[in-house]
Amino acid sequence: DKPATQRRDAFKALLRSSEPMGTMIADRRVDPGAFARLAEGLVAVRDKPWGHFGPDTDYPPTKARRAVWEKPAEFERRRADFIAATERVLAAAAARSEGDARTAVAALQDSCKACHREFRK
């Protein structure tokens, strides 16, 4: 029941949708129906990790850097960027456009990488 464990589990749930979408894009084999289901699954779980970064949750076993708690406004900005990126993925899925999907997944991956660079050990 530790917050770090709950965060880890929530991020793994995000990966269960985002990784297959990335694979579809990389392999140039986007199945519009499957992509849409994965996008919907991603949006359904996108808010789960964030509530587990409370004020007194910086203790092992965590992969979060202290910056999460020291720079809350920047952390919130990165979270908002991620949420916006998931909206782009959902819109691309609705458009059933491989080009839009490619751009949206790249933006999603960029938002994850940007947050990890600053806030993950």
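I am working on a predicted model, where local features need pLDDT of at least 70, side-chain atom pairs count only at pLDDT 80 or more, and totals for chains, interfaces and linings use all residues. I number residues from 1 along each chain as its sequence is written, and my side-chain values use heavy atoms, leaving out hydrogens and water.

**Aromatic rings**

I searched the whole structure and found eight aromatic pairs. In the pair of W50 and F75, the ring centres are 5.8 Å apart and the planes stand at 65°, so I noted it as edge-to-face. W50 sits in the loop between α2 and α3 and F75 in helix α4, so this pair ties together parts 25 residues apart in sequence. (Helices, H or I of at least four residues, are DSSP runs numbered from the N terminus.) One aromatic cluster is formed by F11, W50, F53, W69, F75, F82 and F119.

I also found the charged end of R7 over the ring of F53, 4.5 Å from its centre; my rule there was NZ of Lys or CZ of Arg within 6 Å of the ring centre and within 35 degrees of the ring normal.

**The core**

I call a residue buried under 20% relative accessible area, exposed over 50% and partly exposed in between (1.4 Å probe, protein chains only). A nonpolar core is then a set of buried Ala, Val, Leu, Ile, Met, Phe, Trp, Tyr and Cys residues joined through side-chain atoms within 4.5 Å. The largest such core has 32 residues, and M21, F35, F53, V68, F75, F82 and V89 touch the most other members. At least two residues of this core come from each of α1 (3–27), α2 (32–45), α3 (67–70), α4 (72–95) and α5 (98–119).

**Helix α2**

Which residues of α2 are buried? I listed G33, A34, F35, A36, L38, A39, L42, V43 and V45. Their cover includes α1, α4 and α5, taking contact as heavy atoms within 4.5 Å.

**S17**

Is S17 buried or exposed? This residue of helix α1 has 8% relative accessibility, so I put it down as buried. Leaving out residues up to four places away in sequence, S17 touches L38, G41 and L42.

Note on methods:
Phe/Tyr/Trp six-rings, centres within 6.5 Å; stacked < 30°, edge-to-face > 60°.
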